[in-house]
Amino acid sequence: MSEVVYDRREVKRSRYAVAAVFAVHGAVTGSFATRVPWIQDHASVSAGQLGLALAFPAVGASLAMPLAGSVSHRFGARTALRGLMALWTLALVLPALAPNLLTLCLALFVYGATAGMADVAMNALGVEVENRLDKSIMSGLHGMWSAGALIGSAGGTLAAHLGTDARLHHALAALTLTVLGTIACQGVLDLRATEDEEAPPRFALPPRSALLIGAIGFCAVFAEGASLDWSAVYLRDVIGASAGLAAACTTAFTLTMALARLAGDAVVDRFGPVRTVRVSGLLATAGALLVVLAQNAVLAMTGFALLGLGIAVVVPLCFAAAGRSGPNPSQAIAGVATITYTSGLIAPSAIGTVADATSLVTSFVLVTVLAFGLAAFAGVLRTSGRTSGAQVPGARGEVTDAKVPDSRP
């Protein structure tokens, strides 16, 4: 199979295409999250049963993510991403169709599986574009995901306010996002395997490097999940803030993370990933400690804002480091993604369990410890550095400043 040569302008265009893919991926999540109450009523499930069902996306994602590398190897990066994104956007319609707990669990399993495979594929392409540009872009890409989630949430909020049936809302959203995702995927690099390149295993344990990098991601996602799900409760129950102010804290935390990710690439390029995460970890630790010690809403909200700033760029940098950590980047990225998905799954319940046994304040002492872990172990993100044209599984190609026509079989 012939090698495809890309000039720098094509790689830059691919950067914007991948950013659009991230935004579409986030919009699906935002669209779903806002209609969970409608889905719960439609499926006639209790709060406990809903909690059980909402564990299935993480289960599906964890099991399916290792398959993404094989799919990319077989079909090429562009075709694989286009197909996986279409499966993910169309899977949005399934949960709202579920009439009972069993079908809801099955629908959410498929929803999570398609989300995870698309997640790995788009992050692998993002890392590849970052390597070819020789500059940090992963933080901005994840910022676009957050922006997409906010847009999807806004659309879902409007649909809920108008009393729109979630089946209709999600059908229209899925159709729109499938079209947008397909268009965006046309602009990504069309990386393909060579004939003599060995296919990655369908299922394999993450490499040791991914486990170490994933541990950093685990700490960051745990703090993120704890803050997203418990910040409003913390302000209401611990600080005594009003319901409106408590809700505003969660919204402010989300916006802080999105803005920090969009601006984070310039910081990473200036100081490097290790120093950035080390300082970010100290910032997050200070924020979590301020939450624990706060006696009023202003200090608590400031603490959550610092937490958001501190953890915002960590997960993107974990994916970037995984993509440069060994000979099989997709496998390493899938391993990191599995660990972070797991952290996001257990964080809310872990905070609740500790709060029931002790107090919510004690729960955020745990968040403080994990946030400090970011600073203490940031060195695991140190890799050999970016190599322009570094390859992901199933990828061949170079970057040149001169325009060279594509050559395909």
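Me: How many residues does helix α9 have, and what distance does it reach from its first C-alpha to its last?

Reply: Helices (H or I, at least four residues) are DSSP runs, numbered from the N terminus, and the expected span of a helix is 1.5 Å times one less than its number of residues. Helix α9 (residues 138-161) has 24 residues and reaches 34 Å between its first and last C-alpha, close to the 34 Å expected. After α9 comes glycine 163, with a positive phi near 75°. This is a predicted model, in which local features need pLDDT of at least 70, side-chain atom pairs count only at pLDDT 80 or more, and totals for chains, interfaces and linings use all residues. Residues are numbered from 1 along each chain as its sequence is written, and side-chain values use heavy atoms, with hydrogens and water left out.

Me: Which residues of α9 are buried, and which helices do they pack against?

Reply: Buried means under 20% relative accessible area (1.4 Å probe, protein chains only), and contact means heavy atoms within 4.5 Å. Among the buried residues of α9 are Met138, Gly140, His142, Gly148, Gly152 and Gly156; the buried residues pack against α1 (8-33), α8 (101-133), α10 (166-185), α12 (243-271) and α15 (314-323).

Key. Helices (H or I, at least four residues) and strands (E, at least two) are DSSP runs, numbered from the N terminus. Buried means under 20% relative accessible area, exposed over 50%, partly exposed in between (1.4 Å probe, protein chains only).
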